[in-house]
Amino acid sequence: MGKVKENMQRADEIIEAARFSKLDLLVLPEMAFTVTVGYPERTLTTPSRNYNATITISPSGDVIATYHKSFLYYTDETWASEGHGFFVKPLPGLDRLGGLSGTGGEKVVAHGICMDINPYRFEAPWDAYEFAQHCVRGGAELVVLSMAWLTRLLPQEITVQPSQPDTETLSYWVQRFQPIIKGGRDEGVVVVCANRSGVEGSEFNGEQGRGIDGLGNDVVYAGSSCVLFIQKGAVQVFDMLGKAEEKLLVVDTSQPPKFGLQQGNVG
């Protein structure tokens, strides 16, 4: 956190290393860049407000959507205000995104940020499913989640089979999509989870980090970024990264998903 130039340089390196010819949609993790003119956002109102935000920019450079995180994690509450509700609306420029059936060059997209998929402040009933229910009501074809999701694994544990996902985290994410699994679009819904990976805190692998849990402890991110396809009660996976992999996951949603998740793994 706070290493703006280093974060931007690292993202450039990862994207360049992927050597893709063309992308229809690029999603970066929550708080990937912390810059005064970008996001986190500070409004120009009086008094000003801070938001944990995402921004969507078209290939032509136009801002086509902004979203302010609605359900704040306790670390967010120290600096950010709650957003004014979840985001779901048609967005242009995604007409070639395979596996979706929108028309007129638009797709109905829902945006969320990490804690948004949890019960509000961990106080709402588990089965309220506020974010997922909003996606269903809004007819979302594509759900985009920018995340900085933590794992219960220790720093030394994420280096064991680093290319394997954190299955506990993946299972939890899928459980929070139950309304989409049970009542989403018949044509299916694509869910993109772009999560941070690695460790912040004490020195690890020769690098000094900065803990942000308020207690001075190491913060370990779950990684496991993935692209899911949910249709008629089934959850399939186009592809995913491991719990400690830091690279660009490139998925062609016009092709069949690589594998499915067993019902027992989705709650």
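How many disulfides does the structure hold? I looked, and the count is 0. A disulfide is a covalent bond between the sulfur atoms of two cysteines. The cut-off I used is a pair of cysteine sulfur atoms within 2.5 Å.

I noted the ground rules next. This is a predicted model, where local features need pLDDT of at least 70, side-chain atom pairs count only at pLDDT 80 or more, and totals for chains, interfaces and linings use all residues. Residues are numbered from 1 along each chain as its sequence is written, and side-chain values use heavy atoms, with hydrogens and water left out.

I then checked C226. Its closest cysteine sulfur is in C193, 4.3 Å away, so the two are too far apart for a bond. Is C226 buried or exposed? It is buried, at 1% relative accessible area. Buried means under 20%, exposed over 50%, and partly exposed in between (1.4 Å probe, protein chains only). I also looked up C114, which is buried at 8% relative accessibility.

I moved on to strand β11, residues 226–231. Strands here are DSSP runs of E, at least two residues long, numbered from the N terminus. Of the 6 residues in β11, 5 are buried.

Which strands pair with β11? Two strands pair if DSSP finds at least two bridges between them. Strand β8 (residues 189–195) is antiparallel to β11, with 5 bridges. Strand β12 (residues 234–240) is antiparallel too, with 6 bridges. I found I230 of β11 opposite V189 and also opposite V235 in β12.

Last, I read the hairpin of β11 and β12. It has 2 residues between the strands, and K232 takes a positive phi near 50°.

Technical notes
Helices (H or I, at least four residues) and strands (E, at least two) are DSSP runs, numbered from the N terminus.
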